[in-house]
Amino acid sequence: MKSDDLLTEAEKTWCPGCGNFGIMNAFRGAVRALEGRGVPREMIVMCAGIGQHAKIFDYVDLSGFYSLHGRSMATAQGIKLGNPDLKVVDFVGDGDAMGEGIAHMIFAAKRNADITVVMHNNGIYALTTGQRAPTTAKGVKGPSTPHGNTEEPLNPIALMLEAGATFVARGYAGRIGELTELLVSAIEHEGFSFVEVMQPCVTFNNTYERYNERTGEAGGPLDFEAALAMSRRTDPLPLGVFYRVTRETHGRSVAPGRNPARDHPTRERRIAAVARLVGG
Amino acid sequence: MNPEVFTFLVGGRAGQGVKKAGEVASRLFARLGRHVFQMDDYQSLIRGGHNFSVVSTAVREVTSHSMRADLVVALDGRSLDLHRPHLADGGVIVCDSREPVDGAVAVPLGEEAGAYSRPELRAGVGAVACLCAAIGVDADELEAIVRAEYPDAENNSAYARAIHGAAVGRIGGTFSLARGDRERSLLTGNQAIALGAAAAGLDFYAAYPMTPSSTILHFLAQHDEHLGITVVHPESEIAVANMAVGAAAAGARAMVGTSGGGFALMEEALSLAGMAEVPLLCVLSSRPGPSTGVPTYTEQADLEFALHQGHGDFLRIVASPGTVEEAYSLAAEMLALVWRYQAVGTLLTEKHLSESLMTVELDPASAAWAEPVAGEGAGYLRYRQTEDGVSPLAFFPSTSPIKWNSYEHDEAGITTEDAGTIAAMHDKRDRKLATLVAALKGARTVNRFGSDGPTVVTYGSTTMSVLEALRAGGLTATVVQPVYLRPWPVWELGDLAGREVVVVEQSSTGQFARLLSEKTRAVPRHVIRRYDGRPFDPPELAGDLDAAFSDLGREVGR
């Protein structure tokens, strides 16, 4: 029996107060909102990387693929090419997407793959006990950097804009209503949509106070240069849509009109096509 | 002259149309109803260097080129020096010169080409003209061939006629090639793999360019609309394998292709496919390694790697085709097997099969068809416990959620750390091996050629070299070629236990001989190895086999 709360019976093992609860609740709200707008929930397929963020896969009662650390962007693109009718929402961590799998992020944006990537940004590796992430500020101490992080952090919004993402937004796990709206817009967007979600980690990097007090409005969609300039502001941290534009999607350009899952050929038709190429 | 096997060798710099000249010759021989085998030896560069194409043809079956050439056309000085030793008794070597050259037939290929624009692009046409003159194909027929095969038809056909005229007085009709019984199709191993997979229902192919697998990507990309296959070239082999996993989970029959280095990058995703039980077929076309190695040459040193791909316990199927025809049927069969058993399959081959061009006779409709055990409906469980270990597959969209998982999981696909569930899910996946083996027992997993004489065990493209060597040397032997390498077909190979055999392979340490002795307790008394990047040359291999057979005979008699 399908539970109407969109939750499985899996035990939730996030810390009490974890920002991931906010993201999960916003996503559940977004699924219901999309249902109200004519998108059946079974058409929404989840992907997840590996990390605390990824447990959302076990908790939300939707189909999908619990992939590898850093690779779920590739898995998600494969699912979309395999069945372009689906809405594919990929949940990734900042370590996942800005570290191990950064090439997949950049290329998914570059080719305008028609998937939505929701990046839970808690600024650290939480599941592996708080090491520094690619998004961690310089100087921050962690188990792998006891003398302080020696590297500058990446700016995911600027990176995704430069790479060619056609929908770029930032939300905050502590503002579920706004985040729900951002997720609905991102999932409805045709093309590569990227939503960075600031996610407080109550155990290793508690940022609730900062984001509750010092956030502003991105005020987008902006033009490209203005979006890029906005992406460089950090205090107050801009939230909302930065950029939105329409461009031909990867699937439509590489395999126009083809849906392998729906239109799998009959054996007869395929053998005839092969026979013409074999010749003789 | 009418040699049983006629061999044409054309050599020159990259960019002179050497390979194209070989292909034109292959098609000409095939139209004569003859069997053809073309091997291209080329370097990892685009211009300059030294390339050659060697085409052997006979009225009887021919499964390898020979390095004893009856006609050599040397398009540059280096080719003349390098290929003189390859000339067969009574053979002719043509070189590019206006002046007479000692021990060669001088034809002014370059000077004549100077009358046309871009003369360097004409050289290959000149080689075809020399071939036609030597085998008694007249100028009109040559012109028709050139017009069908080359661009710039006016200039190329005029040039071809001029070269034909210059050559015919010197070498005209030196060779007479008998017509064969019927015209056969010409395919490379990579084309056969692509077509075999397509015939089995392939929907999705992803690859990152890597020699010698790249021509699968090129071929399928060229024919994507005709076949109805989605073909992508993403940022890396890591993306390739993970995209294929996603596409397969969505229901698309997916395949990837690469060589050793790229396969190493795919490992993580192959292990993922093992855990999540995603049907996935990978073509691994080997070149000399380790590491970057020698990109455009051949070797069989990825066998142990292929057998042990991916971390953890999961069902792996590894098989290697012995001929281009078998590449077609095996690619289809492997795609069908990975879908039937939700397994990871590796089609292991080598540059020598991937990129060699060969006449084939195949019935396209003989290919297997990939079909999963299907399940759906309320209460669907992606990883349902079943007696044979195979959980029925359903695809998105589904009102009953379908959850694929890289973590250990319960039947519903939800992550678990429960001891009993972990063991039970291992058991479920492990049961698929017995199910698969039961099915393979009814399939062709080992090829045997001949039934007399000493036993030669080999696999992959080296099978073609061994069979041609036996014909070239007039030798009698029983050739055993395991097609499936994992699961190893013990049920077919029991007779090898304790038997002294000759092993032929292209690995410096004898990987196949080790596998054979470990799995069958056969005694590889002689392991004939070649590991200089070049495939075996049948006449030379015949000598090595003959010596090994004599020695084996002595030891057996002792």
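Predicted model: local features only at pLDDT ≥ 70, side-chain atom pairs only at ≥ 80, totals over all residues.
Residues are numbered from 1 along each chain as its sequence is written, and chains are lettered from A in the order in which they are written. Local features need pLDDT of at least 70 and side-chain atom pairs count only at pLDDT 80 or more, whereas totals for chains, interfaces and linings use all residues.

In chain A, the axes of helix α6 (residues 156-163) and helix α9 (residues 224-231) come within 8 Å and cross at roughly 160°, helices being DSSP runs of H or I with at least four residues and axes being lines fitted to C-alpha atoms over the stretch in contact, with angles from 0 to 180 degrees between N-to-C directions. The two helices α6(A) and α9(A) are therefore roughly antiparallel, a term for angles over 145 degrees. Ile157(A), Ala158(A) and Leu161(A) of α6(A) make the contact with Phe224(A), Ala227(A), Leu228(A) and Ser231(A) of α9(A), contact requiring C-beta atoms, placed from the backbone, within 7 Å.

Asn112(A), although not a glycine, has a positive phi of about 55°; Asn112(A) is buried, with 24 other C-beta atoms within 10 Å, where buried means 20 or more and exposed 12 or fewer. Arg118(B), also with a positive phi, of about 45°, is exposed, with 9 such atoms within 10 Å.

Terms used
Parallel < 35°, antiparallel > 145°, perpendicular 65-115°, else oblique. Contact = placed C-beta atoms within 7 Å.
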